[in-house]
Amino acid sequence: MVSKYLSIILAAASIAMADAPPSSKAEWAPAPGGLGAVLNSGPNGGLNGLPHSTYTKTKWPWGKLPKHCYDAAVGGKCDVYKVEAYDIQYSDCNLGANVMCRCETAQVTIDQLASDFGKVPVKARQWVSYVSAWPDSSCSAGSSNNRIDVYGDCTNSASVYFHEVAHSLDSWATGTNGAQAWSLGQEWRDRVSWDSCVSDYYAKASYPESWAQVAVMAAYHAGVKSVWELQPSMGCMANQMNKVIEQLVNNPIMKRVAGQTCDRRWPDDETVCMGPDAVAAGACNGVARRDEIEAAEKAKRMEKRFIA
Ligand SMILES: [Zn+2]
């Protein structure tokens, strides 16, 4: 039994190792700050100093939320009655607004959220739908299904937004058309293997993380300063850098160009009611109560189980 378990563990470990750059690689941006510390500073404030697309914001009346934001709140991120939703309409996209949700207790304000996300050029930004802010003790972020969650005080951390958008680009703007992350293919593995360094410690978490970090460097190259002028020399990761510049800068996705506009948009989630308190306040007219839908779905599953 022990050996069987051990072999399963070893097999799982070898898969994990194969999916990440070797831990022996040197790191271009030293720990503990890593890449963010380099790119969020520098000339004119680095990525933080980039201009953002202008926007108008319209707050949703209390009581209704996009299903995505409701699910995040009841999943533990916030008291559902304390989630604010906003339509953030950027001036460079006339296909519709980005809906942003924010817990009342989140450290990031709605204007910080909208302006920092708006620093990402529209051809990249258009691959993300919902952007949300939640409270936490320090800054972090995550991306799933082209939706970004920002946690804690991410002020002056524009690189976080570029990094999360990059995960969507990896799957949707590199030719794989959503089938899988391009960075999981052989070419990226080869390029990492040819180079003697990766961007920083976080790049060693997985091939998609290493690609996303280089995508943030490409955004810096396009909007702040040539990466080839940075110290130490970019020579140790030139194979990675050249490829992502070709993917995201020569084809101006992570590069802001005057007059650029969006040419696509993800569809919206359904709108749901916050819950019984919102119904009682008369704030849910015309929309379903999510808790009632879930209760009905659960009853149906139970029924099926009894019939089967
Ligand atoms: Zn990531």
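User: What is the bridge partner of Lys59 in β4?

Analyst: The bridge partner of Lys59 in β4 is Tyr86. Thr58, in turn, stands opposite Asp87 in β4. Residue numbers start from 1 along each chain, following the sequence as written. The model is predicted: local features need pLDDT of at least 70 and side-chain atom pairs count only at pLDDT 80 or more, whereas totals for chains, interfaces and linings use all residues.

User: What makes β2 and β4 a pair of strands?

Analyst: Strands are DSSP runs of E with at least two residues, helices are runs of H or I with at least four, and both are numbered from the N terminus. Two strands pair if DSSP finds at least two bridges between them. Strand β2 (residues 55–59) and strand β4 (residues 83–90) are joined by five bridges and run antiparallel, so by that definition they pair. β4 and strand β5 (residues 98–103) are also antiparallel, with six bridges. Within that pairing, Cys103 in β5 is the bridge partner of Val83.

User: To which sheet do these strands belong, and what makes β2 and β7 edge strands?

Analyst: Six strands form an open sheet in the order β2-β4-β5-β6-β8-β7, with mixed pairing. β2 and β7 (140–144) each have a single partner strand, so one side of each lacks a neighbour in the sheet and they stand at its edges. On average, neighbouring strands here are turned by 20 degrees against each other, direction ignored.

User: Which helices pack on this sheet, and how do you know that they touch its strands?

Analyst: Residues are in contact if their C-beta atoms, placed from the backbone, lie within 7 Å. Helix α4 (residues 110–117) touches β2, β4, β5, β6 (131–134) and β8 (147–151), and its direction makes about 140 degrees with that of β5. Helix α6 touches β7 and β8, its direction making about 15 degrees with that of β7. Such angles run from 0 to 180 degrees between N-to-C directions, and axes are lines fitted to C-alpha atoms, for helices over the stretch in contact.

User: Why is α8 called roughly perpendicular to α9?

Analyst: α8 and helix α9 (residues 238–250) pack at about 65 degrees, with their axes 9 Å apart. That angle makes α8 roughly perpendicular to α9. Among the residues making the contact are Val214 and Met217 of α8 and Val244 and Leu248 of α9. By class, the contact of α8 with α9 has 11 nonpolar, two polar and no charged residues.

User: What is the term for the arrangement of α7 and α9?

Analyst: The axes of helix α7 (residues 186–194) and α9 come within 7 Å and cross at roughly 140 degrees. The two helices are therefore oblique to each other. Arg191, Val192 and Trp194 in α7 meet Asn239, Gln240 and Lys243 in α9. These residues divide into two nonpolar, two polar and two charged.

User: How confident is the predictor, and where does pLDDT stay under 50?

Analyst: pLDDT is the predictor's confidence in each residue, from 0 to 100. Its mean for the protein chain is 92, and 92% of the residues reach 70 or more. Over residues 1–17 pLDDT stays under 50, and the model has zero contacts beyond four places in sequence for them. Where pLDDT is low, the predicted coordinates should not be read in detail.

Methods. Angles under 35 degrees count as roughly parallel, over 145 as roughly antiparallel, 65 to 115 as roughly perpendicular and the rest as oblique. Two residues are in contact if their C-beta atoms, placed from the backbone, lie within 7 Å. Ala, Val, Leu, Ile, Met, Phe, Trp, Tyr, Cys and Pro count as nonpolar, Asp, Glu, Lys and Arg as charged, and the others, Gly among them, as polar.
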